Amino acid sequence: MLFSKLAEYYDSLEKVSSRLKMIEIMAEVFKEAEEREMSAIVYMTQGVLAPAFEGKEFGVAEKMATESIAIATGYTKDEVESDFKKSGDLGKTAESFVAKSKLKRMLSSKPNILEVYEAMKKISESSGKGSKEHKIKLLANLVASSTPLEARYMIRYPLGQLRLGLGDATMLEALSVMENNDRTLKDELERAYNICSDLGFVAATLKSDGLKAIRSLSVSTFKPIRPALAERLPTAEEIIEKMGGKCAVEQKYDGFRCQIHRKGKRIELYSRRLERTTEMFPDIATAALKEVSTDEFIIEGEALAYNEATSEFMPFQETIQRKRKHGIDEKAVNLPLRLMAFDIMFADGKNYMNEPYSKRREKLEELLGKSETLRPSKRIITDSAKDLDDFFNISVENGLEGIVAKDLNAPYIAGARKFSWIKLKRSYQGELSDTLDLVIIGYYLGRGSRTEFGFGGLLCAVYNEKRDMFESISKLGTGFTEEQMQELSDKLSKIAQKSKPARVDAILEPDFWVYPKYVVTVRADEITKSPTHTCGMKVNDDGTKSGYSLRFPRLVGETTIRTDKSPEEATTTKEIIELYSQQKKVRV
Ligand code: ATP
């Protein structure tokens with residue numbers, strides 16, 4: 001497929017706001033694509049070069065792209081920059097400069113998708129001395145041979161700002177329509193995606209080998225599994241009741257989630273967002289090579305700093321210091337980590353995902369028998385709410401976050417929040433018992449003492465999985481330090497836009513909209529019904545409409561932006577509705 005054709009499809013995607021229409025357009029693209037083009041199309045549409053775990057970055061900053069546009073069209077950098085200041089979208093700026101280019105366009109050969117994808121890969125792979133200039137030149141070459149519309153996406157793609165408003169869930173449905181002319185295959189495709197985290201691979205497999213191949217796809221080392229997530233319940237009694245009898249109750253550790261893959265001498269660690277973190281945690285990687293009694297496995301646990309002198313886990317503020325790119329070895333000595341392992345998905349060529357929890361745990365303990373650094377999480381097995389409560393209290397006294405109860409018979413459910421894991425965390429009086437992770441969808445300019453920051457507060461949303469949309473839930477104006485306001489103002493002004501992004505659903509109008517990208521952690525006193533927010537919005541009996549909102553929301557968290565969560569991993573509308581009903585139960 002010619003890149004110009006894909007650019008036309010992208011243009012029509014930008015113009016529609018109905019999700020069904022988006023699915024239809026994307027299914028057309030997939031139908032038309034050749035087998036060998038499938039994965040490239042998926043990555044391009046996701047705005048990446050490869051799945052997150054491959055860690056491929058473009059390394060193209062806005063300043064560099066500005067220079068490329070100038071070189072390709074014969075204008076000065078200043079001229080391009082001043083247009084960008086007005087348009088707020090370097091893609092659009094590229095489009096208009098190519099349209100009025102002073103240079104002769106090199107339109108002799110129209111590039112196809114694979115040629116563009118390979119050229120973008122080259123840009124990403126250029127590294128070391130002189131690489132900046134080299135990248136600028138390569139990108140300028142691409143822009144120079146583009147039509148105006150192609151140039152829009154040639155520039156947006158390496159900046160990671162395609163602005164198509166298309167999420168993975170929508171793409172999965174489009175693949176289903178491609179294969180079956182309806183959306184019923186989405187669950188099967190999602191299962192495949194959940195165990196390999198590579199949508200490009202799923203798309204290519206479906207096109208080349210069909211549904212049968214998707215159904216027989218199994219876990220494999222070095223393709224990280226999308227993590228299982230926990231539901232919440234407010235009391236020990238409700239947890240025991242929901243579990244329907246005996247369950248495991250594990251300590252909940254507050255560190256970094258870590259998935260370890262090993263085959264022979266190769267070892268890789270993946271974060272909660274499935275990014276490779278192997279080099280960051282050499283102590284864990286070495287232990288996984290030396291202290292486990294088999295050489296092929298996928299295990300999962302929480303890595304956290306441990307004080308060997310006092311045999312105590314350190315708080316998250318300490319552990320987070322291990323998340324760094326420099327001085328890694330020194331920190332590994334001063335602040336050694338332990339991995340509290342809580343699951344195993346693969347060992348010695350056998351897929352353990354469908355084995356019940358109790359079997360998996362047995363295998364985990366067997367493999368970690370001799371290890372000092374990798375320990376199985378501490379747990380009890382009980383059907384008594386009192387025992388669960390006692391274990392919870394001891395865990396909290398020991399500085400841990402709480403507990404996670406686990407269904408003894410459940411398989412490992414990748415990529416989903418299910419009641420086979422139920423968490424109970426430290427509660428805070430007069431506050432919701434858990435923090436919420438909200439997506440920034442807009443911001444307000446500062447007034448009064450905040451004028452100087454150009455930032456007065458945020459408009460935040462939760463993720464509605466069913467609709468694949470971000471629904472507004474709250475304004476957020478409290479809890480920011482001056483540094484945080486500055487940081488948010490810097491980050492958000494770069495992605496500010498005047499019109500509402502496609503996957504955002506909101507009634508309120510902020511001063512600027514932003515494309516859903518950043519997640520913040522928020523604490524609130526209560527969830528309330530609200531006519532102005534679209535989260536879970538329904539028509540009431542009296543004909544009025546109400547959604548959900550937050551009372552006294554404030555920013556909390558160790559960092560301003562939660563870098564370990566993507567917008568689709570934020571708190572969901574479904575969770576808000578559940579938390580609202582739990583809250584009512586506690587009150588009566
Ligand atoms: P939270 O902010 O509560 O960690 P989350 O959205 O990151 O929320 P949840 O599904 O709510 O994830 O909680 C599960 C998280 O708790 C896991 O991602 C994991 O990192 C951590 N965890 C710590 N100890 C355990 C354990 N024993 N079993 C499972 N998960 C654990």
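Three strands form an open sheet in the order β20-β22-β21, and their pairing is antiparallel. The edge strands are β20 (526–530) and β21 (538–539), each of which pairs on one side only. This is a predicted model.

Look at the β21 side of the sheet. Strand β21 is joined to β22 (residues 545–551) by two bridges, and these strands run antiparallel. Within this pairing, K538 stands opposite S546 in β22. In general, strands of a sheet pair through backbone hydrogen bonds, either parallel or antiparallel.

Now turn to E471. This residue lies in strand β15, which covers residues 469–476. Is E471 buried or exposed? Its relative accessible area is 3%, under the 20% cut-off, so E471 counts as buried. Its side chain makes a polar contact of 2.9 Å with the side chain of N464. Beyond its neighbours within four places in sequence, E471 is in contact with C460, A461, V462, N464, D505, T534, C535, G536 and T573.

L162 sits in another setting. It is found in the loop between α9 (148–159) and α10 (168–180). L162 is also buried, because its relative accessibility is 7%, under the 20% limit. Which residues does L162 touch, not counting those up to four places away in sequence? They are M44, T45, G47, Y153, R156 and Y157. Q251 gives a sense of distance from here. L162 and Q251 are 89 residues apart in sequence, and their C-alpha atoms are 42 Å apart in space.

Note on methods. Residues numbered from 1 in each chain as written. Predicted model: local features only at pLDDT ≥ 70, side-chain atom pairs only at ≥ 80, totals over all residues. Heavy atoms only, no water. Helix = DSSP H or I, 4+ residues; strand = E, 2+ residues; numbered from the N terminus. Buried < 20%, exposed > 50% of the residue type's maximum accessible area, 1.4 Å probe, protein only. Polar contact = N/O pair within 3.5 Å; in protein donor to acceptor, adjacent residues only side chain to side chain. Contact = heavy atoms within 4.5 Å. Pairing = 2+ DSSP bridges.
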